[in-house]
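Reader: I would like to go through this model term by term. Please set each value against its definition.

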Amino acid sequence: LQLTLTGFAPYFSSTVSNQKGHETIMGFWPDCESKVEFYVSKDKIEHLERCGPEHVFYGILSAAEVLNAPLAVFEGLQREGQGQSLCYSGRPQQHRQGAVMPGRPGYVFLVFVTAKRLVYEWRWEKASVGNPDLPADYDSGRFSKLRWAYGNANRSDSTP
Amino acid sequence: METLIEVIQHRKPTRFRPSHYYCAEADALTFYFRQDEFYASRVDDLLTVYLAMDTNDLVGCQVKGIRDAIQKRGALGLQIENEDVDLDFLFFLNGMCASVTAKPRYLALAKLALKHNMRGRISGHGLIPAGQCEPPSLGHFGQ
């Protein structure tokens, strides 16, 4: 498995619409030619706005960027009910209140999405030394398979 | 149509306070004890801890499999519905089954949950943190 980032990730322009209890953003879906809608709970956004942490609240911007331009997408989390959930990995350049700067060296930003495209978690994790586009323990069995990787579109072989 | 950037940038989080949030769709409970920027580190399949970028201090965590933990609690004769309860039980219950190396993490989190008076109410949806509204019907996100 070899991945390389060959250029600047395209700036994203996610749109938001109000749906029942959720904000909607557009993003990439493996094996789908057009962008699709993802959902973020309004309740969660309001909770973060009310209590913080501030960096998690503004992390929604980084999450939206990763959903638009991921470096890899894993499928299947090893727990009940999450067998078809996806994990997007990327190095966003949007930070805090929209500041543009390179991603944190040695870290990847992960976005977790249910099979029904509900975005429920976004966070930094240490990157793999051998594959800096992927989380450090990507090959530990935490994911069922690598569903898609930058430069290897439609790849769906099992994670080594 | 308003962009996500505009929506988020027009809002400003208020002052930080320790809190927890339950996501029914993911059956995951997230705790934030401190506002430091953090990275996540998986302890086991049920627990991910948040460690401060600068100091590696424990500043939060995510606990998965809440419904199962509640069932275990009921099996121990501790079933309580519609009353706020201390949430340190989640760490004690999961910690009992954790590996030797993971146990200290669970113990530290139980202490933090107690220190910050993290409480929640068990309901048909799973668990509602005290102060968090009853989650709306899962609708098409339901498992």
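Reader: Which residues of helix 1 of chain A meet which residues in helix 2 of chain A?

Author: A:Ile45, A:Leu48 and A:Glu49 in helix 1 meet A:Val56, A:Phe57 and A:Ile60 in helix 2 of chain A. Contact means heavy atoms within 4.5 Å. Helices (H or I, at least four residues) and strands (E, at least two) are DSSP runs, numbered from the N terminus. By class, this contact has five nonpolar, no polar and one charged residues. Ala, Val, Leu, Ile, Met, Phe, Trp, Tyr, Cys and Pro count as nonpolar, Asp, Glu, Lys and Arg as charged, and the others, Gly among them, as polar.

Author: A word on the source. This is a predicted model, where local features need pLDDT of at least 70, side-chain atom pairs count only at pLDDT 80 or more, and totals for chains, interfaces and linings use all residues. Residues are numbered from 1 along each chain as written, chains are lettered from A and ligands numbered from 1 in the order written, and side-chain values use heavy atoms, without hydrogens and water.

Reader: Why are helix 1 and helix 2 of chain A called oblique?

Author: They pack at an angle of about 140 degrees, with their axes 7 Å apart. Axes are lines fitted to C-alpha atoms, for helices over the stretch in contact, and angles run from 0 to 180 degrees between N-to-C directions. Under 35 degrees counts as roughly parallel, over 145 as roughly antiparallel, 65 to 115 as roughly perpendicular and the rest as oblique. Helix 1 and helix 2 of chain A are therefore oblique to each other.

Reader: And what makes helix 3 of chain B roughly antiparallel to helix 4 of chain B?

Author: Their axes come within 8 Å and cross at roughly 170 degrees. That angle makes the two helices of chain B roughly antiparallel. The contact residues include B:Phe91 and B:Phe92 of helix 3 and B:Tyr106 and B:Leu107 of helix 4. They divide into nine nonpolar, two polar and two charged.

Reader: What is the peptide bond from A:Gly52 to A:Pro53, cis or trans?

Author: Cis, with omega near 0 degrees. A:Pro53 sits in the loop between helix 1 and helix 2 of chain A.

Reader: How do you know that A:Glu49 forms a salt bridge with B:Arg11?

Author: The closest N and O atoms are 3.7 Å apart. The rule asks for a side-chain nitrogen of Lys or Arg within 4 Å of a carboxyl oxygen of Asp or Glu. The pair therefore qualifies. Across the interface of chain A and chain B the rule finds four salt bridges.

Reader: How many residues of each chain are in contact?

Author: 50 residues of chain A touch 44 residues of chain B.
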